[in-house]
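Dear colleague,

Here is the structure for your files.

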Amino acid sequence: MRQAGRYMKEYRDLKEKYTFKEMCETPELAVEVSLLPHQLLDIDALIVFNDILIPLERMGAPLTYADGGPRFLEPVRDQAAFEKLHDIDPRTDSSSILNTISELVRLMDGEKAVLGFAGAPFTLASYLVEGKLGQGVETLKKVMFENPKFIHQLLESLTRMTTDYLSAQAEAGASAVQLFDTWAGHLAPAEYEEFALPYHQEIFKALKEKHGDTTGTILYVRDSAHLISQMSRSGADTLSIEWRTSIRQVRQQVGDQFSLQGNLDPTALFASPAEVAQRTQQILEENRGDPGYIFNLGHGILPKTPVESVRALVDTVKNFSP
Ligand code: CP3
């Protein structure tokens, strides 16, 4: 997660010359950045370099990435603001991510998987309604409890976009696509059942029907310990588990029908390489013998992470015999 980014000197050097958006939206640059983790760390799968919020700008929501993180300049909190958004055709409006995926697939020539991704409707709606996110999703929840119809209308529109967007990424050659519902962990199970799960089900059902033979699906939710049973009904092939939850326990709870991926705490990467290797080994041992287990972080790599620690992690995983 966020395998290419500011913790890499090579990325910071590029950012001296180009903005984050320029890097996402110029396939030559996005290919170059996507390849950094492959070249520097030799990870097993490449994630296309882009961001979950980029397609929302295409839908008509002005977006900036300043130092404090992403911000929508015109938060979408009422019908008039919603009316300003429009449907997009990802094949023309989001062609840069598609061209980046197909070029990465061509370059990798089957040697490594190329992964696509999108934000899930609830998380995208969180950014659109809040404008900027910090600790929680209070404004979104206020609107959600006051005017659930409005939020459902927004979620439906985002679901249409996301389904089409991920489908186009599958067509471009992604081996798997990951749906990020980072902020849905702020919902109680009953609200998750209403505002997140049905939309996940719709997206994964459509992807399975169209691309089930070629493209895998992954669901990630942060703060999800209380939502495992709901996540297991999403229709995703793989559940990506954040760091506060034991994968062994999730396996006992959900049975064998999914792959499970995770879940080193990204802040553990601030420790020495030896300590990182030990913590990585511990997670691998805990899941030893589980054929559906994939090592991953529990959330995105943080900007000040030392590259040597990430390298210690990758080496530990590569040297492990299951
Ligand atoms: O994993 C990868 O290498 C692929 C790229 C990727 C990015 N964002 C690049 C990025 C992926 C998969 C994402 C997903 C994403 N973006 C999520 C879901 C996963 C998660 O982290 O929960 C969310 C919620 C976002 C929204 C977003 N975009 C945030 C919160 C930020 C700020 C992050 C920060 O560390 O400041 C971004 C910007 C962003 N997206 C950066 C990168 C490399 C940093 C841009 C920069 O300033 O250089």
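**Notes on the model**

The accessible surface of the protein chain is about 14,200 Å², and carbon and sulfur atoms hold 49% of that; areas come from the Shrake-Rupley method with a 1.4 Å probe, and for residues only the protein chains shown count as cover. This is a predicted model, in which local features need pLDDT of at least 70 and side-chain atom pairs count only at pLDDT 80 or more, while totals for chains, interfaces and linings use all residues. Residues are numbered from 1 along each chain as its sequence is written, and side-chain values use heavy atoms, with hydrogens and water left out.

**Overall**

The protein chain has 16 helices and nine strands (DSSP runs numbered from the N terminus: helices are H or I with at least four residues, strands are E with at least two). The C-alpha trace spans about 55 × 45 × 40 Å along its principal axes. For 322 residues a compact globule would have a radius of gyration near 20 Å, and the 19 Å of the protein chain agrees with this (taken over C-alpha atoms; the rule is 2.2 Å times the number of residues to the power 0.38).

Of the 322 residues, 53% count as buried (under 20% relative accessible area; exposed is over 50% and partly exposed in between, with a 1.4 Å probe and protein chains only). Among contacts (heavy atoms within 4.5 Å) between residues at least 6 apart in sequence, 70% join residues at least 24 apart. The mean positions of the 32 positive and 45 negative charges are 3 Å apart. Lys and Arg count as positive and Asp and Glu as negative, without His and the chain ends; the charge is placed at NZ of Lys, CZ of Arg, CG of Asp or CD of Glu.

**Aromatic pairs**

Rings of Phe, Tyr and Trp (its six-membered ring) pair if their centres lie within 6.5 Å; planes under 30 degrees apart are stacked, over 60 edge-to-face, and the rest tilted. By this rule there are six aromatic pairs. One of them is Phe-82 with Phe-150, edge-to-face at 6.4 Å centre to centre and 75 degrees between the planes. Phe-82 is in helix H5 (residues 79-83) and Phe-150 in helix H10 (residues 148-171), so this pair ties together parts 68 residues apart in sequence. Both Phe-82 and Phe-150 are buried.

Phe-180 and Tyr-220 also pair edge-to-face, at 6.0 Å and 65 degrees. They link strand E5 (residues 176-180) to strand E6 (residues 216-220), so parts 40 residues apart in sequence are tied together. Phe-180 is buried at 17% relative accessibility, and Tyr-220 at 0%. Ring pairs also join Tyr-11, Phe-20, Phe-49 and Tyr-65 into a cluster.

**Helix H8 and backbone details**

In helix H8 (residues 121-130), 10 of the 10 residues are buried, so the helix is largely enclosed by the rest of the structure. Gly-131 follows H8 and has a positive phi, near 85 degrees.

Most residues other than glycine have a negative phi, and most peptide bonds are trans. Asp-109 has a positive phi near 45 degrees; it lies in the loop between helix H7 (95-108) and strand E4 (113-119) and is exposed at 68%. Asp-223, in the loop between E6 and helix H13 (228-231), has a positive phi near 55 degrees and is partly exposed at 22%. A cis peptide bond, with omega about -10 degrees, joins Gly-262 and Asn-263; Asn-263 is in strand E8 (residues 259-264).

Regards
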